[in-house]
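This report describes selected features of a structural model. The sequence and coordinates are shown first, followed by the computed description.

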Amino acid sequence: MFEIKVEGEFEAAHRIVDYPGKCDRLHGHNWKVEIQIRGTVLDKLGMLIDFKLAKAALMEVLAALDHQYLNELEPFRVINPTAENLAQYIYRVLEKHELFQAGSAYLAAIRVWESAHSSVTYSKER
């Protein structure tokens, strides 16, 4: 089994509605996102998936979040844009990307950091 990881970043504001503390107020983060891709079959070049293509796919998703007020975006109008919900959202969008539809490589997990010391990982049960 091979596993590759690529990272990206975006900046965005949010608030955690009904949170019993200051996170209920509007604030922002410099979010860091890591995608983990796994598979067993390498292509003719000896790659599971091209790092450049994986990074481009991630950045497509993050571009839509960058410099946004997350609470105003779907699906965060009805659920809080917590790190957990962001990780799941990014996973669900990325898993539909053509990069993961054709080959043997699959999106294994998404890790989202809202600070240098706090992160969450989302993956589907397989």
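## Lysine in the first strand

K5 is found in strand β1; strands (E, at least two residues) and helices (H or I, at least four) are DSSP runs, numbered from the N terminus. The model is predicted, with local features needing pLDDT of at least 70 and side-chain atom pairs pLDDT 80 or more, whereas totals for chains, interfaces and linings use all residues. Residues are numbered from 1 along each chain as its sequence is written, and side-chain values use heavy atoms, without hydrogens and water.

With a relative accessible area of 44%, K5 is partly exposed (buried means under 20%, exposed over 50%, partly exposed in between; 1.4 Å probe, protein chains only). Leaving aside residues up to four places away in sequence, K5 touches E34, I35, Q36 and F51, contact being heavy atoms within 4.5 Å. The C-alpha atoms of K5 and I37 are 6.4 Å apart, although 32 residues separate the two in sequence.

## Helix α1

A54, A57, L58, V61 and L62 are the buried residues of α1. They line one face of the helix, because they fall within an arc of 135 degrees seen down its axis, the arc being that of the directions from the axis to the C-beta atoms. On the other side of α1, K52, E60 and A63 are exposed. The cover over the buried residues of α1 includes β1, β2 and α2.

Helix α2 comprises residues 83–94. Its buried residues are A83, L86, A87, I90, Y91 and L94. These fall within an arc of 135 degrees down the axis of α2, so they line one face. They pack against β1 (2–14), β2 (27–39), α1 (51–63), β4 (106–115) and β5 (118–122).

H97 lies in the loop between α2 and β4 and counts as buried, at 18% relative accessibility. Not counting residues up to four places away in sequence, H97 touches A57 and E60.

## Largest pocket

The largest pocket holds about 160 Å³ of space. A pocket is an open set of points on a 1 Å grid over the protein atoms alone, where a 1.4 Å probe fits, with protein on both sides within 12 Å along at least five of seven lines; lining residues have an atom within 4 Å of a point. Among the lining residues are V41, D43, M47 and L99.

Methods:
Points joined across faces, edges and corners; volume = space filled by probe spheres on them. Expected span 1.5 Å × (residues − 1).
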